[in-house]
Amino acid sequence: MTYRFCMACGGRLRRVRQEGLDRLRCRRCGWIFYGNPIPAAVALVVRAGRVLLGRRANAPYRGTWDLPGGFLEAGETPERGLSREMREELGARIRSARFLGFFHETYGPGGFPILAVVYRVRLAPGPLRRGSDVSELRWFPRRELPYRGIAFPSVRRALARFVAHRVRGKGRGK
Ligand SMILES: [Zn+2]
């Protein structure tokens, strides 16, 4: 994605080099577009050795498998964002969440940068209620994860890290 216009005044942006990094700066008012990543809270939900994936109902990557989660709202901590997303996407409450890792990503091909904060989550018992962002929810055994049907590289990496930890006998807690 190429940004062309200033968010402050609508002037044209021009690529400049600043502190060794490429930036976009407004020719008119000097406003700089930094392209910082947008944080997202993401849940690797585990229940009885299975991992919950949702099929994306929207672009980008509509129809592919994804971990539940979403972008943080202003003023939200990752933990609060995670709780909100679990309510909205799954109709579920979190019983426990443990930090798994940070993952860089772009939101679709050429999309804006994301910093995904991924948690390993156990939900409170009860049926799941699917939100509108997801067309299907399915539990996958960790040896049968559909890597080829997952579009976001960060999701494949998070799942691979989770599976590797399990194989090495780590990360077993609750
Ligand atoms: Zn401007």
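Student: Which residues have the most contacts inside the largest nonpolar core?

Tutor: In soluble globular proteins, nonpolar side chains tend to be buried together. In this predicted model, local features need pLDDT of at least 70 and side-chain atom pairs count only at pLDDT 80 or more, whereas totals for chains, interfaces and linings use all residues. Residues are numbered from 1 along each chain as its sequence is written. A nonpolar core is a set of buried Ala, Val, Leu, Ile, Met, Phe, Trp, Tyr and Cys residues joined through C-beta atoms within 7 Å; buried requires 20 or more other C-beta atoms within 10 Å of the residue's own, exposed 12 or fewer, and partly exposed lies in between, with C-beta atoms placed from the backbone. Here the largest such core has 32 residues, and Val42, Ala43, Leu44, Val118, Tyr119 and Ala158 have the most contacts inside it. Two or more residues come from each of E4, strand E5 (50-56), helix H1 (78-90), E8, E9 and helix H2 (153-167), where helices (H or I, at least four residues) and strands (E, at least two) are DSSP runs numbered from the N terminus.

Student: What is Val118 in contact with, leaving aside its neighbours within four places in sequence?

Tutor: Two residues are in contact if their C-beta atoms, placed from the backbone, lie within 7 Å. On that basis Val118 touches Val42, Leu44, Leu100, Gly101, Phe103 and Ala158.

Student: How does E9 pair with E4, in the parallel or the antiparallel sense?

Tutor: Strands of a sheet pair through backbone hydrogen bonds, either parallel or antiparallel; two strands pair if DSSP finds at least two bridges between them. Strand E4 (residues 38-47) and strand E9 (residues 113-123) are parallel, with eight bridges, and Ile38 stands opposite Ile114 in E9. Strand E8 (residues 94-106), by contrast, pairs with E9 in the antiparallel sense over eleven bridges, with Val121 in E9 as the bridge partner of Ala97. E8 and E9 also form a hairpin with six residues between them, and in its turn Gly108 has a positive phi of about 85°.

Student: Why do the buried residues of H1 line one face of the helix?

Tutor: The residues concerned are Pro78, Gly81, Leu82, Glu85, Met86, Glu89 and Leu90, which are buried in H1. Seen down the axis of H1, they fall within an arc of 140°, so they line one face; the arc is that of the directions from the helix axis to the C-beta atoms. These buried residues pack against E4, E5, strand E7 (69-71), E8, E9 and strand E10 (134-141). After H1 comes Gly91, whose phi is positive, near 60°.

Student: In what order do the strands of the open sheet stand?

Tutor: The open sheet has three strands in the order E1-E2-E3, with antiparallel pairing. Strand E1 (13-18) and strand E3 (32-33) stand at the edges, each with a single partner strand, so one side of each is left without a neighbour in the sheet. Two bridges join strand E2 (residues 21-26) to E3, and Arg25 stands opposite Ile32 in E3.

Student: How is the chain divided into domains?

Tutor: Domain bounds come from an automatic or database domain assignment, which here gives domain 1 (1-35) and domain 2 (38-167). Their centres, taken over C-alpha atoms, are separated by 32 Å, and the C-alpha trace of the chain spans about 60 × 35 × 30 Å along its principal axes.
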